Amino acid sequence: MSDENTRGNAPAAGRTQSSQTPYGTGPGYRTGTGRGTTRRKEADRPRALTRLALVDLAALVVMLGAVAIGFGPVWGSLGYLQPTIGGVVVGLGIAWLGAWRRFPAVVVTALAVLAYLLFGGALALPHTTIFGVVPTLDTLRELLLASVEGWKQFVTTVPPMRSFPDLGVVPFLLMLIVALVAGTIAWRAKHAVWAVVPVVVSLVGVILLGTVNEALPVVQGLVIAIVALLWGGVRVMEARVGTHSISTESSREATRRLRWYRVRTGATILAVAALAAGFTAPILMPSGQDRVVLRDAIVPPFDVHQFTSPLVAFRHYAKDVREEEILTVSAYPEGARIRIATLDQYDGVVYDATGKGGDTGVYTRVGEEIATTDKGTPIPIQVDILNYSGVWVPEIGNLTGLQFKGSDAEAQIDGAYYNTDTSTALTTAGLGPGDSYTLHTLVKEQPDEETLLQGTIMDKNLPETDPSVMPPGLAGKATQFMGTTTNPAEKLFLMRDALQDSGVFSSGLADQTPSRPGHSAERVNTLVAEEKMVGDDEQFAVALALMARQAGIPARVVMGFYPDKDSDYVEGEPWTVLGSDVHAWIEVPFEGYGWVPIDAVPDEQPQIQPLPQSRQEPKPPVLQDPEPPEEPDQAKAGSVEDDEQDEAENDPFDWGLLGMILLAVGIPLLVILGPIVAILAYKARRRTARRTAEQPADRISGGWHEVVDVVTDLGTVVPLGATRRESAGVIAGERQAPSSLMLAHRADASVFGQGEPSPADVDSFWLEVDELVGGLRSSVNKRQRIIAALSLRSVWARMGGGRGVLAMIGELGSRRKKESR
């Protein structure tokens, strides 16, 4: 038998060569493919230790660098370089180590998880570490949570991401995984060019995680394509050169010249092709089409309905606190409006904000900077809260930045959400007297009415209103106001003019006509049913919006502040907003201008018959907080502690938190322990199947297969086509186990002899198998025994060996037949 084998192992040092060489070609050489092709002895070294590994490394670094550039637009600064470069370095380092030491997949996976936890803090979460390097418990917790939840937060947060340093875990983890997979394929797989696949997949992933603003798509694609083609050509050429069995100085010199010639030629051709593609791509690529990104398709799980519509409190500002100072605005832009909230859904009771996506937008987390596609130079505006409270953030124009100040600033920015489609901001931490913040905003000049009458109203997809909750008299009134005109813009202004001309402005003050608050369907129906419609901005804005919606014109209601003719505002000075400056209006989308504000406020008219001064007009109902529960009687005071104890005992268990903890801990454990348990379980089942085979002869054969598999997992390559005695010769020579020869003879005698082996013979044979296996395992150290127990060499060898994945899959169904006699 030859010292060489079809598994690709070189002969062991000091071994003598047998006279028969059915599996090799001679000493000093090895078979590279199992088909008789010879390679130089240098090929025994892992590729990771050769000079060509540097070529693989350079190609991977360039391609992964091209991928990492894609994080630039979504990050908004160069801060993404640290986590992305760190992920590439860590991933390639682990891949190289695994290729050098030839670690099994489970060990490489465990090293990757360990490196993620050790280096993730310094590279992605330095603010949670000690001295920016040593991870803390907070670091580990954030890393584990971010590996599960970070992806969702990344695509549901408004860029730039530099405002959210915790999200640096996402590019770090993504590049680590991609570099690990690509490096492992490049340094360990037969066809290393398959490493380009994870690189391309990661490029698509970065695009999906990014924004519609691309980085350098043409450059990225060309770099990856050119480097992949050059690298693939080099690998193919090296594979061909490596098959030569004779190497002389002249042949090596000729090989070097051939290499450089092919590299230069290929690089020149690809460079010319790249220049041509660079010039023609902008012409051939479709224009005007935004690329698809996940943040535009995924609606974040933020329910804005948990907050009350600010329009409910309109009469509170207009009447109860009309003389009180609400907030102060510095550098107030002339003609601008302060927006509290944009409301786009009516349910018959209240006009509310939705944020369900589409033309209603979504409320996404924002930081101190907010990305926008609008052009212009943002202006800073400082807002100081005086007598305002709530989650809705009064703002102006389209925000590009939001910076809170004060003791609650950190909580307020952590809970800040912004809807770019409706220009509405809120903070779950809430605002109150003493708070202040700075807006960075773009304010557009609004067109006049004559321009709008000549304009085109755009079609928008707003939430539908159930016809059953609409005011019953509104449709007829709208038809009466519009007349026979068919132009949507003319319809809108005809309805607006009719409401103003037929209306009487009143917020229910003592010197005004009585007017009820609210904007329910009943209140709006009462408004339009009267000959003289009495109400204020709240009722008229809702009535006009609903009329426009019934006429097919998209409209939404906005509540906020702006100075009117009675305001104390002085141009060029800070504006102190009073409660009386509150207003409501509608917005309609016009082509070329976007959403344009339209007012529907009638003139104020004095009451025809004023009430006597001695008579007090009853105040209209205002939404009040529920009355607090009455204090318990003195006699029951002693039961307060018992009640509190009962409430504490009845508090529901936070199953959601428990589930999050189990996910954060369980997923890494599953990634590490899952493959280990699966491998051990498979090998235990394989042994049991062999030991309990139906035929006694198959049990004997199974015992010998068990010996061969254990030896294979320990690192000794046994030829696939070898007989039991030839295999035993390999085992005896390389593992110093002469008993394997006797066991092989006994197996042949039992299998090919006359009659079936008896159960006693089978039991005795398996006892010898266990003794031989135990001796083989005891001959190596503990570390090698663990690696052998988790090794998949024997599984791979019996599922097709070096014949490829297709052969492995094709033989899955017939594996047990192969293990027969």
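Buried means under 20% relative accessible area, exposed over 50%, and partly exposed in between (1.4 Å probe, protein chains only). The model is predicted: local features need pLDDT of at least 70, side-chain atom pairs count only at pLDDT 80 or more, and totals for chains, interfaces and linings use all residues. Residues are numbered from 1 along each chain as its sequence is written, and side-chain values use heavy atoms, with hydrogens and water left out.

Select Asp138 to begin; at 40% relative accessibility this residue is partly exposed. Helices (H or I, at least four residues) and strands (E, at least two) are DSSP runs, numbered from the N terminus.

The side chain of Asp56 meets that of Arg47 in a salt bridge (2.6 Å, N to O).

Now select strand E14 (residues 436-442), where 6 of the 7 residues are buried, so the strand is largely enclosed by the rest of the structure. Two strands pair if DSSP finds at least two bridges between them. Strand E8 (residues 379-385) runs antiparallel to E14, joined by 6 bridges; here Ile379 has Thr441 as its bridge partner. Strand E11 (residues 398-405) pairs with E14 over 7 bridges, also antiparallel.

Finish by selecting Arg339, Glu395, Arg556 and Glu587, which a network of salt bridges links.

Technical notes
Salt bridge = Lys/Arg side-chain N within 4 Å of Asp/Glu carboxyl O.
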